[in-house]
Amino acid sequence: MNDFSSITLHRGRKKKELVVHNPTSYPLIGKGVQGAVFKLKEDRCLKIYLKPENVAKEKEAMLKCQGMSFMPKFYESGPNYIIMEYIDGTPLGHFLKEQGTIAESITQQLVNIKKEMKSAGFTNLDCHVNRHIFVDQQQIVKMVDYASTNDRQSPIPVRLLNTLSELGLIELFLTQVKGMDYELYSEWKNFLSKSKSKSKSKSKSKSKHRK
Ligand SMILES: Nc1ncnc2c1ncn2[C@@H]1O[C@H](COP(=O)(O)OP(=O)(O)O)[C@@H](O)[C@H]1O
Ligand SMILES: [Mg+2]
């Protein structure tokens with residue numbers, strides 16, 4: 001049976017758990033909190049949503065940025081689904097770990113994505129580096145999951161900056177950003193300095209308590 005309307009979703013017992021019932025032969029690619037994604041063919045996938053109101057949110061965000069290099073193509077939507085371009089890529093966090101460095105062209109694309117999302121009015125710029133950002137075969141950076149791009153005020157890409165710090169690539173990245181967009185550079189540098197001093201004072205107070 002290959003009618004995707006037979007796929008159903010419901011909440012499981014654990015908080016935020018999504019249970020998928022899939023009688024079709026479309027493979028499940030991944031699932032999040034809002035929905036589950038299935039591969040339809042080489043270049044297309046289907047996202048089914050638990051809550052129909054999230055279809056409208058994601059569709060609006062995707063259409064706003066159609067044509068931008070990072071946005072998957074939008075093909076079709078229905079009451080509880082969107083058919084979009086399937087992104088065949090390596091999750092950004094894994095990609096950077098494998099490379100052991102960050103190329104200028106990747107940094108430039110990340111800077112452009114943040115700027116374009118900001119000017120499109122999205123308020124949540126902190127997305128997951130492995131679940132939501134991919135680098136495709138042509139080294140184009142792609143992003144997925146726009147259902148909650150306006151649910152939170154998160155102007156700093158905290159997860160991205162933390163991953164780059166963990167990989168020892170943050171200094172190189174910031175030097176590249178400095179030459180591309182000074183405003184973003186200062187914003188991100190300030191954030192990192194603040195979080196460094198916060199974690200220092202935390203570890204100081206921990207060692208005080210231990211004494
Ligand atoms: N267009 C796409 N191409 C390839 N994989 C995708 C695509 N959209 C989503 N995915 C995969 O499916 C997972 C779940 O999709 P996501 O949009 O994050 O769902 P949710 O809104 O529930 O968090 C993602 O983490 C990603 O791995
Ligand atoms: Mg998600």
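## Residues around ligand 1

A residue counts as near a molecule if one of its heavy atoms lies within 4 Å of it. In this predicted model, 19 residues are found around ligand 1, and those that come nearest are Gln 34, Gly 35, Lys 47, Ile 87 and Asp 145.

By class, nine residues of this shell are nonpolar, five are polar and five are charged.

## Polar contacts

An N or O atom in the side chain of Asp 145, one of the residues that come nearest, is 2.8 Å from an oxygen atom of ligand 1. For His 132, a polar side-chain atom lies 3.0 Å from an oxygen atom of the ligand. Val 33 makes its contact through a backbone N or O atom, which lies 3.0 Å from an oxygen atom of ligand 1.

On its own, ligand 1 has 550 Å² of accessible area, and the protein covers 93% of this.

## Pocket and contributing elements

The largest pocket is the space taken by ligand 1. Strand 3 gives the most, with three residues.

## Domains

Both domain 1 (4–85) and domain 2 (89–197) supply residues to the shell around ligand 1, with at least three drawn from each.

Conventions
Residues numbered from 1 in each chain as written. Chains lettered and ligands numbered in written order. Predicted model: local features only at pLDDT ≥ 70, side-chain atom pairs only at ≥ 80, totals over all residues. Heavy atoms only, no water. Polar contact = N/O pair within 3.5 Å; in protein donor to acceptor, adjacent residues only side chain to side chain. Areas by Shrake-Rupley, 256 points an atom, 1.4 Å probe, with all protein chains shown as cover. 1 Å grid on protein atoms, 1.4 Å probe; cavity = no way out; pocket = protein on both sides within 12 Å on 5 of 7 lines; lining within 4 Å. Sits in = over half its atoms within 2 Å of the grid points. Helix = DSSP H or I, 4+ residues; strand = E, 2+ residues; numbered from the N terminus. Nonpolar A, V, L, I, M, F, W, Y, C, P; charged D, E, K, R; others polar. Domains from an automatic or database assignment.
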